[in-house]
Amino acid sequence: MHTYSPVFLPMAILALWTMHVLLMIPFARFKAGRQGQVTAEDFRYGESERVPDAVRLPNRHFMNLLEVPVLFYVAGFMAFLTHNVDSLILGLSWAYVALRLGHSIVHLGHNNVMHRLTLFAISNVVVSLIWWVLLYRLVTA
């Protein structure tokens, strides 16, 4: 029997988006290679100084999607395991995913640092709120 929780949907959306960004990396690298901007040697130890910003960006953004979002995934599983998935947790989860997608659009698009910072900071507040709600509920249970 399969156990489904609605908290898994925002988690899956963010995970799939992360995989989408991961796929952007080789496309950017191969395109730069075909244009003679980089060689395979430029990636021997990560990315050399020769790697253009447009090629570095998807890789940096992918790493960003593996940092704080891990706390979101763990919180989602914790909410599920402790039977704390409700409208508040779901609302915060969807808000977090929307903010992270917005952050991605800005970072990979026009890359305005202040717009990006605002979305990133608010998303971090939201994931912190999820954790505070869970902690409160666990302590007072």
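Predicted model: local features only at pLDDT ≥ 70, side-chain atom pairs only at ≥ 80, totals over all residues.
Residues are numbered from 1 along each chain as its sequence is written, and side-chain values use heavy atoms, without hydrogens and water.

Arginine 60 forms a salt bridge with glutamate 67, their closest N and O atoms being 3.4 Å apart. The term denotes a side-chain nitrogen of Lys or Arg within 4 Å of a carboxyl oxygen of Asp or Glu. Glutamate 67 is likewise partly exposed, at 40%.

The whole structure holds six salt bridges. In another of these, arginine 50 meets aspartate 42 at 3.1 Å, N to O. Here aspartate 42 is buried, at 7% relative accessibility, whereas arginine 50 is partly exposed, at 48%.

What does the pair of glutamate 47 and arginine 29 tie together? The two form a salt bridge at 3.3 Å. Glutamate 47 lies in the loop between α1 and α2 and arginine 29 in helix α1, so the pair links parts that are 18 residues apart in sequence. Helices here are DSSP runs (H or I, at least four residues), numbered from the N terminus.

Turning to α1 itself, its buried residues include Phe8, Leu14 and Ile25. The buried residues of α1 pack against α2 (53–64), α3 (69–81) and α4 (87–108), contact meaning heavy atoms within 4.5 Å. Just after α1, glycine 36 adopts a positive phi of about 75 degrees.

Methods:
Buried < 20%, exposed > 50% of the residue type's maximum accessible area, 1.4 Å probe, protein only. Helix = DSSP H or I, 4+ residues; strand = E, 2+ residues; numbered from the N terminus.
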